[in-house]
Amino acid sequence: MAENISPVQLIEKVKEYLPPDKVNLVQDAYDFSHKAHEGQFRLSGEPYIMHPLHVATTLADLQLDASAIAAALLHDVLENCGIPIIDIETRFGPEVAKLVDGATRLGKITWAEDIARRESQAKNLRKMLVAMAEDIRVVFIKLADRLHNMQTLQAMPLEKQYSIAQETMEIHAPLAHRLGIWELKWQLEDLAFRFMEPEKYKQIAKQLAVRRVQRENFITQVIQMLREEFDKVGLKAEISGRPKHIFSIYQKMKKYETV
């Protein structure tokens, strides 16, 4: 489900908005992470380095700063590679090291799988919000981390897929919503919905595919109309549009009792 990307694509993305010295920081972080994760593979079978590369690319799409992207590339080297945090600080500085350490600590928050322990969820969420207050970039890293994990969730055992999807729906998607990261929010919701209600997901996705061209043409026409009206009154604006995502459509259908 996750598209193939390369380190060259990441570097090209950051070159669009970062100065050369910051691009060099990102490149250095990638090289360090690639070497540290050498020989490691994910359950999906892909080299492990693809995971931090995806996480960093998501942050680059959001145009986060170089320290956040470097930390995204390094966010698993403490736990998975046994590299001391002092080594990260010595090579990349205290700011990157603090972000890596924060992302590692945040990743240790566990989620209750049984109803009796669900009250602990409020406590876990508060911990995440505290982390946000210290440095919001840590939560951006963890949301991007969760996004790629959801994109490769089919590699997990079936009994784990529903639990992870439910956690994503109840904790991560709402966090993305609170931060106003709509692109991550709807992707997390759709991916979680796909594993929680696979038949309903397929049903809606199939219906959307049939009318995809019609919807896209409609959106293009509306955008053009708005641009013409804005031009008439001398307003400059960036206009974009997209169809409603699958989980949002499902919520509407539930509201009007059509599912």
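**Entry 1: α1 and α3.** I kept in mind from the start that this is a predicted model. I began with helix α1, residues 7-15, and helix α3, residues 50-61. Their axes lie 10 Å apart, and the packing angle is about 20 degrees. Because angles under 35 degrees count as roughly parallel, I wrote α1 down as roughly parallel to α3. I then looked up the hand of this crossing and found that it is left-handed.

Next I asked myself which residues in α1 meet α3. From α1 I listed Pro7, Leu10, Lys13 and Val14. Facing them in α3 I found Leu53, Ala56, Thr57, Ala60 and Asp61. Sorted by class, this contact of α1 with α3 has six nonpolar residues, one polar and two charged.

**Entry 2: α2 and α6.** I turned to α2, which spans 20-36, and to helix α6, residues 85-92. The two axes come within 11 Å and cross at roughly 150 degrees. The hand here is right-handed. On the α2 side I noted Leu25, Asp28, Ala29 and Phe32, and they meet Ile88, Arg91 and Phe92 of α6. By class I got five nonpolar, no polar and two charged residues for the contact of α2 with α6.

**Entry 3: His37.** Where does His37 lie? I found His37 in the loop between α2 and α3. Is His37 buried or exposed? Its relative accessibility is 2%, and buried means under 20%, so I put His37 down as buried.

I also checked what surrounds His37. Leaving aside neighbours within four places in sequence, I listed contacts with Tyr48, Ile49, Pro52, Asp76, Val77, Asn80 and Cys81. I looked at Val77 again: Val77 and His37 are 40 residues apart along the chain, and their C-alpha atoms are separated by 7.3 Å.

**Entry 4: Arg137.** My last stop was Arg137, which is found in helix α9, residues 136-151. Arg137 has 14% relative accessibility, so I noted this residue as buried too. Which side chain joins that of Arg137 in a polar contact of 2.7 Å? The partner I found is Asp65. Apart from neighbours within four places in sequence, Arg137 is in contact with Leu64, Asp65, Ser67, Ala68, Glu95 and Leu99.

Methods
Residues numbered from 1 in each chain as written. Predicted model: local features only at pLDDT ≥ 70, side-chain atom pairs only at ≥ 80, totals over all residues. Heavy atoms only, no water. Axes fitted to C-alpha atoms, helices over the stretch in contact; angles between N-to-C directions. Helix = DSSP H or I, 4+ residues; strand = E, 2+ residues; numbered from the N terminus. Parallel < 35°, antiparallel > 145°, perpendicular 65-115°, else oblique. Left-handed = near helix turned anticlockwise from the far one by under 90°. Contact = heavy atoms within 4.5 Å. Nonpolar A, V, L, I, M, F, W, Y, C, P; charged D, E, K, R; others polar. Buried < 20%, exposed > 50% of the residue type's maximum accessible area, 1.4 Å probe, protein only. Polar contact = N/O pair within 3.5 Å; in protein donor to acceptor, adjacent residues only side chain to side chain.
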